[in-house]
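Work through the exercises below with the model open beside you. Each task is followed by a solution in steps.

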Amino acid sequence: MIRVAVVDDEQLVRSGLRMILGTAPDIEVIADCGGGEAVAVITACTPDVVLLDIRMPDVDGLTVLRALRAAPQPPAVAMLTTFDAEEYLAAALRHGAAGFLLKDTDPEQLVRAVRTLASGGSVLDPGVTRAVIGGYLAAEAETAAAEAVRSLTPREREVLAHLGTGLANPQIAERMGLAPSTVKDHVRAVLGKLGGVNRVQAAIVADRAGLVTACRPTEPRRPTDAARSEGGAR
């Protein structure tokens, strides 16, 4: 069961998200609260995923995000945003947000997003993609990102392309026919070579490098001999 906490200053928004997510058999909303209580509530209930309003009147979402990411085992945090909150997006990305969702996200898309976050993936609503990319690249040097991509091995570039589509490690492993532990090592290497970025930042770099459009959905590859032998040794 995926444990979710919802943080928003509006009770109506919290109730709506709780109702939507409650329709999924594998998701449980274990807490909802405003920004002022968020850190204490989330620390006490330890959810897997937090949906966090990026802009609140008492304690803003960035403050809550920084506190949550500083925890020993932080949850995956997706920022809930609106079209008029673009100035906050780049900062949230730098502070470790795992995704960005509009508050009026389609219910089915919201459920899929929570599952993706819980599995270690990242989510980026198409409605805020341009603003997030623009804000990030205004704060970080695009040329440096391009240089870093060129330093990757072909296998690492393929992994980065899959990160750009929001896939979690098990899904990447299936696509590439590799053992999950091998993919984990590749992901760690890619994020390190890109300057210690997180998965959302890596997805943005992949998009700007043209790797995402080149990464067309295909049939998962058959596991390699190394992957099969590694899996059999477990």
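**Starting point.** In this protein, residues 24 or more positions apart account for 69% of the contacts with a separation of 6 or more. The model is a predicted one. Its secondary structure comes to 13 helices and 6 strands. Of the 234 residues, 46% count as buried.

**Exercise 1.** Find the largest nonpolar core and state which elements give two or more residues to it.

*Solution.* 
- Step 1: Take the size. The largest nonpolar core has 25 residues. Those with the most contacts inside this core are Val7, Val50, Leu52, Met79, Ala92 and Phe100.
- Step 2: The strands that give two or more residues are S1 (2–7), S2 (27–33), S3 (49–53) and S4 (76–81). The helices that do so are H2 (35–45), H3 (61–69), H4 (86–94) and H11 (199–208).
- Step 3: Look at one member. Leave aside neighbours of Val7 within four places in sequence; its contacts then include Cys33, Ala38, Ile42, Val50 and Leu52. Gly34, Gly35, Leu51, Asp53 and Met56 are also in contact with Val7.
- Step 4: In soluble globular proteins, nonpolar side chains tend to be buried together.

**Exercise 2.** Decide where the buried residues of helix H9 lie and what they pack against.

*Solution.* 
- Step 1: List them. In H9 (residues 169–176), the buried residues are Asn169, Ile172, Ala173 and Met176.
- Step 2: View the helix down its axis. The buried residues of H9 fall within an arc of 100 degrees, so they line one face of the helix.
- Step 3: Check the other side. There, Pro170 and Glu174 are exposed.
- Step 4: Find the partners. The buried residues of H9 pack against H8 (154–164), H10 (180–193) and H11.
- Step 5: Asn169 has 17% relative accessibility and the cut-off for buried is under 20%, so Asn169 counts as buried. Not counting residues up to four places away in sequence, Asn169 touches Val183, Lys184, Val187 and Arg199.
- Step 6: Look past the end. Gly177 follows H9, and the phi of Gly177 is positive, near 70 degrees.

**Exercise 3.** Classify the packing of H8 on H9: which residues meet, and at what angle do the axes cross?

*Solution.* 
- Step 1: Get the geometry. The axes of H8 and H9 come within 10 Å and cross at roughly 125 degrees.
- Step 2: Assign the class. This angle makes H8 oblique to H9.
- Step 3: H8 passes H9 in a right-handed crossing.
- Step 4: Name the residues. H8 brings Arg155, Glu158, Val159, His162 and Leu163. H9 meets them with Ile172, Arg175 and Met176.

**Exercise 4.** How far apart are Arg150 and Ala209 in sequence and in space?

*Solution.* 
- Step 1: At 56% relative accessibility, Arg150 counts as exposed.
- Step 2: Arg150 and Ala209 are 59 residues apart in sequence. C-alpha to C-alpha, they are 9.5 Å apart in space.

Methods. Residues numbered from 1 in each chain as written. Predicted model: local features only at pLDDT ≥ 70, side-chain atom pairs only at ≥ 80, totals over all residues. Heavy atoms only, no water. Core = buried A, V, L, I, M, F, W, Y, C linked by side-chain atoms within 4.5 Å. Buried < 20%, exposed > 50% of the residue type's maximum accessible area, 1.4 Å probe, protein only. Helix = DSSP H or I, 4+ residues; strand = E, 2+ residues; numbered from the N terminus. Contact = heavy atoms within 4.5 Å. Arc of directions from axis to C-beta. Axes fitted to C-alpha atoms, helices over the stretch in contact; angles between N-to-C directions. Parallel < 35°, antiparallel > 145°, perpendicular 65-115°, else oblique. Left-handed = near helix turned anticlockwise from the far one by under 90°.
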